[in-house]
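Hi there,

Here is the structure I promised to pass on. Have a look at it first, and then read my notes below.

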Amino acid sequence: PPEQRRRPPGRLWLAAAVVTLLAAVAGAVILVAGDDGRSDVSSEGPLDHLLPSWLPVGMEPLRVSGIPDAGDQGFTADIAVYGDPDAADPWASPLAVVHLAADQAVLGGEPSSGEKVTVGGHDAWVRRSEGLGDPANGESWEVEIQVDDGRLLVSAQLDQDDVLAAAEAATTEPAIGASGLPDGYRELARGPFTDSLLITSLFEGFSGGSLDGAGLAVTYADPSNRDTTRPAIVVAQRPGPPSAVDLLRLWTPEGEATSVHGRHAEIGRTRELAGSAGESGVVAVQWAEPDGQIVTVIGFGVAEDDVLQVAEGMRPAAPGEVDALRSEHAVVTPRQFGAVPDGKVAVASGDSVTGQWRILSDARRHDNIGALTIDRVWGAIGATSSTTGDRSEPPLDLAADYSDGTAVVWGVLYVDAASVTAEAPGVEPVTLAIHEVPGWDHPVIAGSFPDQHFRSTGGAVVIARDANGQEVARNTQVLNDGG
């Protein structure tokens with residue numbers, strides 16, 4: 001099952017520090033994409049949108065949204081990736097440099113982690129990282145450099161000294177000079193880094209933002225299929241250079257070159273983020289169109305041959321066709337759950353922005369958090385079903401999940417209490433309901449609130465109180481990052 005917190009994990013081969021910085025710049029950055037500012041990226045006129053001429057049986061448009069330009073959000077971010085082109089897999093141990101241009105006031109103060117050093121006359125911080133590449137190949141390091149217009153981040157699965165040497169040769173182009181590259185390393189790809197985060201969000205089951213923009217994201221699925229694991233296809237297209245095509249490898253552990261319409265393309269596969277995508281997992285194919293746009297077709301629980309057939313069958317949209325799609329499918333229909341599985345009891349439920357959540361208990365098991373499962377459905381295809389780790393941590397054992405702009409907190413209360421609240425200074429407290437479970441000695445706690453509710457405070461605490469208002473238990477871990 002997917003991790004409880006649906007944030008871009010290190011296994012996506014993305015530098016965690018970059019994701020953190022981008023999230024600080026724009027709260028919804030995971031749904032944003034844009035070009036890299038180069039004049040030769042796209043044509044003078046609007047892009048020619050493409051639509052599928054073939055889809056698997058039963059699939060139809062469910063969600064259509066624009067992809068805004070990152071520059072309109074107050075920042076730009078570009079990435080260049082290096083590797084050994086003669087290696088069996090040039091992307092097995094990549095070296096990446098990201099230039100994030102944004103006001104220092106937006107980026108905030110100094111990073112909270114890492115050893116402070118000086119790189120190229122600039123303040124910098126070096127630290128271990130979830131990093132890039134296959135974790136089995138060894139640990140990764142990253143260097144975050146404060147530059148005049150923002151930050152430079154250099155990350156690689158190399159020794160600390162080698163990463164620092166690469167950082168010394170890094171520029172805001174972004175690029176790494178030959179003096180800082182390991183032997184045999186050459187540039188593999190470059191393009192908008194925010195584009196990478198857009199596709200990451202699509203891999204996790206989102207279907208784009210709600211803003212207009214030069215790009216377009218369309219989600220296709222069978223609306224009659226009510227399963228949380230229903231197959232779906234997402235087509236995303238946005239301005240971008242041909243050099244960005246191979247960046248698909250940043251978030252797919254399995255990938256290889258192919259072709260679409262006779263043009264160079266990259267195909268990638270992953271099961272780790274599939275979560276509820278079924279046996280077929282997630283398959284994506286990406287290529288560049290000659291008018292200056294990158295097109296990505298992603299299949300969730302769809303056979304690879306079908307994903308490739310959709311890609312090969314893309315056609316220019318007819319006049320007014322995209323406008324009609326936007327008008328009809330701009331707002332996604334809220335998802336609904338099916339029946340509660342046999343042997344489970346629905347303890348609590350609620351709504352999120354475009355879907356629902358529920359907490360199920362296995363009443364036959366011992367009454368601890370390991371017998372609780374969270375189910376979530378949202379957007380056109382997003383879904384989570386995850387059983388909490390089997391543990392018992394009195395007096396207030398909690399877990400949290402963040403999807404669709406809504407945080408859900410749930411767990412087991414091992415002491416007598418009249419109320420349980422999530423709190424932080426200067427923020428309205430959130431009440432978590434107490435639910436009795438048939439056959440259990442201890443009640444279950446569950447509640448939800450907007451994902452950003454405690455973000456400005458840097459954290460929150462969950463407190464249980466008795467009928468007299470006296471504290472009887474607290475949990476400082478689950479919400480300590482502000483949700």
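Is Ala-464 buried or exposed? Ala-464 is buried, with a relative accessible area of 0%; here buried means under 20% relative accessible area, exposed over 50%, and partly exposed in between, with a 1.4 Å probe and protein chains only. Before I go on, please keep in mind that this is a predicted model, in which local features need pLDDT of at least 70, side-chain atom pairs count only at pLDDT 80 or more, and totals for chains, interfaces and linings use all residues. Residues are numbered from 1 along each chain as its sequence is written, and side-chain values use heavy atoms, with hydrogens and water left out.

Back to Ala-464, which sits in strand β28 (residues 461–465). Helices (H or I, at least four residues) and strands (E, at least two) are DSSP runs, numbered from the N terminus. Leaving aside residues up to four places away in sequence, Ala-464 touches Leu-396, Leu-413, Ala-417, Ser-419, Val-420, Gln-470, Glu-471, Val-472 and Ala-473, where contact means heavy atoms within 4.5 Å. Between Ala-464 and Leu-432 there are 9.5 Å in space, C-alpha to C-alpha, and the two are 32 residues apart in sequence.

**Confidence and overall make-up**

The mean pLDDT of the protein is 80, and 77% of its residues reach 70 or more; pLDDT is the predictor's confidence in each residue, from 0 to 100. Over residues 22–45 pLDDT stays under 50, and the model has 68 contacts beyond four places in sequence for them. Residues 273–277 also stay under 50, with 13 contacts beyond four places in sequence.

The protein has six helices and 29 strands. Of its 483 residues, 56% are buried. Taking contacts between residues at least 6 apart in sequence, 63% join residues at least 24 apart. The accessible surface comes to about 19500 Å², and 47% of that belongs to carbon and sulfur atoms; these areas come from the Shrake-Rupley method with a 1.4 Å probe, and for residues only the protein chains shown count as cover.

**Core and helices**

The largest nonpolar core has 30 residues. Such a core is a set of buried Ala, Val, Leu, Ile, Met, Phe, Trp, Tyr and Cys residues joined through side-chain atoms within 4.5 Å. Those with the most contacts inside the core are Ile-79, Val-81, Trp-91, Leu-247, Leu-250 and Phe-300. The elements that give two or more residues to this core are β3 (76–83), β4 (95–101), β11 (186–192), β13 (232–239), β16 (282–289) and β17 (293–300).

Helix α5 (residues 304–312) has Val-307, Val-310 and Ala-311 as its buried residues. These fall within an arc of 100° seen down the axis, so they line one face of α5; the arc is that of the directions from the helix axis to the C-beta atoms. Their cover includes β1, β13, β14, β16, β17 and β18 (314–316).

In helix α6 (residues 321–329), which residues are buried? They are Val-322, Leu-325, Arg-326 and His-329. Their arc around the axis is only 100°, which puts them on the same side of α6. The face turned away from that buried side carries the exposed residues Asp-323, Ser-327 and Glu-328. Among the elements covering the buried residues of α6 are β1 (50–52), β2 (60–67) and β12 (215–221).

**Local details**

There is one aromatic pair by the rule used here: rings of Phe, Tyr and Trp (its six-membered ring) pair if their centres lie within 6.5 Å, and planes under 30 degrees apart count as stacked, over 60 as edge-to-face and the rest as tilted. Phe-449 and Phe-454 form that pair, edge-to-face, at 5.3 Å centre to centre with 80° between the planes. Phe-449 is buried at 4% relative accessible area, and Phe-454 is buried at 1%.

One runs from Glu-173 to Pro-174, with omega near 0°, and Pro-174 is in the loop between β9 (170–171) and β10 (175–176). Another joins Pro-394 and Pro-395, with omega about 5°; Pro-395 lies in the loop between β22 (382–387) and β23 (396–403).

His-261 has a positive phi of about 55° although it is not a glycine. His-261 belongs to the loop between β14 (254–260) and β15 (263–270) and is partly exposed, at 28% relative accessible area.

Best wishes
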